[in-house]
Amino acid sequence: MSGPAPRVLTDPELQQILEEGKFGILASVRRSGHPHLSTVLYRWDSAERVLRVSTTADRLKPRHFRADPHAALHVRRDDFAYAVVEGEAEVSAPTVEPGDAVGLELLAMAREFVPAGGEEAFLAEVVEERRVVLRIKAARLYGTALDVG
C-alpha cells in the first residue's frame, strides 16, 4: 500500500511550526558520543533565528552543551509535519541578581506564565534556582509533512 510521499517544508512553513509549538525534543551529545534526549519547553525567535530553553545550571543539558555544543530540537505537529532546528548551543551564566540580563531574558521567555505583578517574585525565584538560558542559533532548519486527508 502506498500513501503520500513526504513533502519537504519551506522555510516559512518550518518557522510556523516552531512559532506555534511549545514543546520539543532537545538532543545533546553525551561524552560517550550517544545522544541525550529531553522534552523541553522552548521559545523560538524567528527574527534572530534563535531557540531558547530555560534550565538550571546543574542539569545535564548545560554540562553536555559546554562539552559539545552540537544541538538539535525536533518539534512535531499532529498533522504529520515536523521541523528540526540544528545549531550550536550557548549556555548563559546563571542569573545571580533579580533583574540582571539573564533574569530579564528568562522573564521574557516565561511572560505568559508570570501573573501581572509577579515579575519580582519570578526574578527572585530564577536566581534561587540558578537558572540559565540555552541559546541555539539555527544553522539549519529542515522538516517534512505528509499531506494526508
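Which residues have the most contacts inside the largest nonpolar core? They are Leu-18, Leu-26, Tyr-42, Trp-44, Phe-65, Leu-73 and Leu-141, within a core of 26 residues. This is a predicted model, in which local features need pLDDT of at least 70 and side-chain atom pairs count only at pLDDT 80 or more, while totals for chains, interfaces and linings use all residues. Residues are numbered from 1 along each chain as its sequence is written, and side-chain values use heavy atoms, with hydrogens and water left out.

**Nonpolar cores**
- A nonpolar core is a set of buried Ala, Val, Leu, Ile, Met, Phe, Trp, Tyr and Cys residues joined through side-chain atoms within 4.5 Å; buried means under 20% relative accessible area (1.4 Å probe, protein chains only).
- Strand E7 provides the largest share, 5 residues.
- Another core, of 10 residues, lies apart from the largest one and includes Leu-106, Met-109, Ala-110 and Val-114.

**Residues of interest**
- Beyond its neighbours within four places in sequence, Tyr-42 is in contact (heavy atoms within 4.5 Å) with residues including Ile-17, Leu-18, Phe-23, Leu-51, Leu-73 and Val-75.
- Ala-110 lies in helix H3 and is buried, with a relative accessible area of 13%.
- The C-alpha atoms of Ala-110 and Leu-41 are separated by 9.9 Å, although these residues are 69 residues apart along the chain.

Technical notes
Helix = DSSP H or I, 4+ residues; strand = E, 2+ residues; numbered from the N terminus. Buried < 20%, exposed > 50% of the residue type's maximum accessible area, 1.4 Å probe, protein only.
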